[in-house]
Amino acid sequence: MTPAERRTATAISAELARLVRYDDESIVHEAWIRQRYDGGFAASYAPARSAAVRTAWHEAGHAVAALAVGARFSSASIRAGGASSGRVHSIRGGGELGFVIDAAGQVAERLQRWTLPSGEDELRAWLASWRGDGGDARRFRTGIRERFGGDEAAAWRYAVRLLTPLRPRIRDLARGMLVHPSHLPYAVAAAVAGFADGDGSPTVTIPPTAAGPPDGRGT
């Protein structure tokens, strides 16, 4: 981490400590609200706030999953533009667990409000509807073949089992992205999410493919 990155991470941590009692929508930096409103991505400030929060959780999910499985990326951003409302840039690595990174945006959005599909039928119906999503859905389906063949539900449950214990880290990074008016470089994102090493090594216990119960709230 460079000195400038360390100062940024320290400033974000101090701001999050100051705003610890505020909910996510209350801490969205004005830059993200105005950028969405002025750019025509939201009709007013209220939906702009909500959109920024949803995007922050989504992108924080991707970033924390990458950090957890030992992948690297250049930066994480919630700047809206074109067909994208945010992005984790230049993800590299992850190997056969790359599909977890692809699923992590959607998993994180549902972990925010504990709205994960609660049963097999609900899960399979949602997976059948999941298309596009900036290429995440396509990459997920391609990436699961080595471990799961075509069993999308099993692969999703695996990602949920890995990511649910990381919800506090996803939340910290999402809030860090919301209070900071610019992108977060890899080292800063890693520090804000509590991955101080940021050395590219897996930092969570990887569950066996077949272990664990079906996904659901709080699993």
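Let's start at a single side chain: the charged end of Arg169 sits over the ring of Phe195, at 4.3 Å from the ring centre. Keep in mind throughout that this is a predicted model.

From there, step back to the whole chain. The protein chain contains ten helices and three strands, and along the sequence these elements run in the order α-α-α-β-β-α-α-α-α-α-α-β-α. Of its 219 residues, 49% count as buried. The accessible surface comes to about 10,200 Å², and carbon and sulfur atoms account for 49% of that surface. If you look at contacts between residues at least 6 apart in sequence, 73% of them join residues at least 24 apart.

Searching the whole structure turns up ten aromatic pairs. Take Phe99 and Tyr158: their ring centres are 5.8 Å apart and their planes meet at 45°, and because that angle falls between the cut-offs of 30 and 60 degrees, the pair counts as tilted. This pair links distant parts of the chain, with Phe99 in helix α4 (residues 98–113) and Tyr158 in helix α8 (residues 152–163), 59 residues apart. Phe99 has a relative accessibility of 1%, so it counts as buried. Tyr158 is buried too, with a relative accessible area of 0%. Both residues belong to one aromatic cluster, which also takes in Trp126, Trp130, Phe140, Phe148 and Trp156.

Now turn to another arginine, Arg36, which is found in helix α2 (residues 30–38).

Finally, have a look at the backbone. Most residues other than glycine have a negative phi. Ser90, however, has a positive phi, near 55°. Ser90 lies in the loop between β2 (87–89) and α4, and its relative accessibility of 47% is why it counts as partly exposed. Asp133 also has a positive phi, near 60°. Its place is the loop between α5 (120–129) and α6 (136–143). With a relative accessibility of 24%, Asp133 counts as partly exposed.

Terms used. Residues are numbered from 1 along each chain as its sequence is written. This is a predicted model: local features need pLDDT of at least 70, side-chain atom pairs count only at pLDDT 80 or more; totals for chains, interfaces and linings use all residues. Side-chain values use heavy atoms; hydrogens and water are left out. Rings of Phe, Tyr and Trp (its six-membered ring) pair if their centres lie within 6.5 Å; planes under 30 degrees apart count as stacked, over 60 as edge-to-face and the rest as tilted. Helices (H or I, at least four residues) and strands (E, at least two) are DSSP runs, numbered from the N terminus. Buried means under 20% relative accessible area, exposed over 50%, partly exposed in between (1.4 Å probe, protein chains only). A charge sits over a ring if NZ of Lys or CZ of Arg is within 6 Å of the ring centre and within 35 degrees of the ring normal. Contact means heavy atoms within 4.5 Å. Accessible areas come from the Shrake-Rupley method with a 1.4 Å probe; for residues, only the protein chains shown count as cover.
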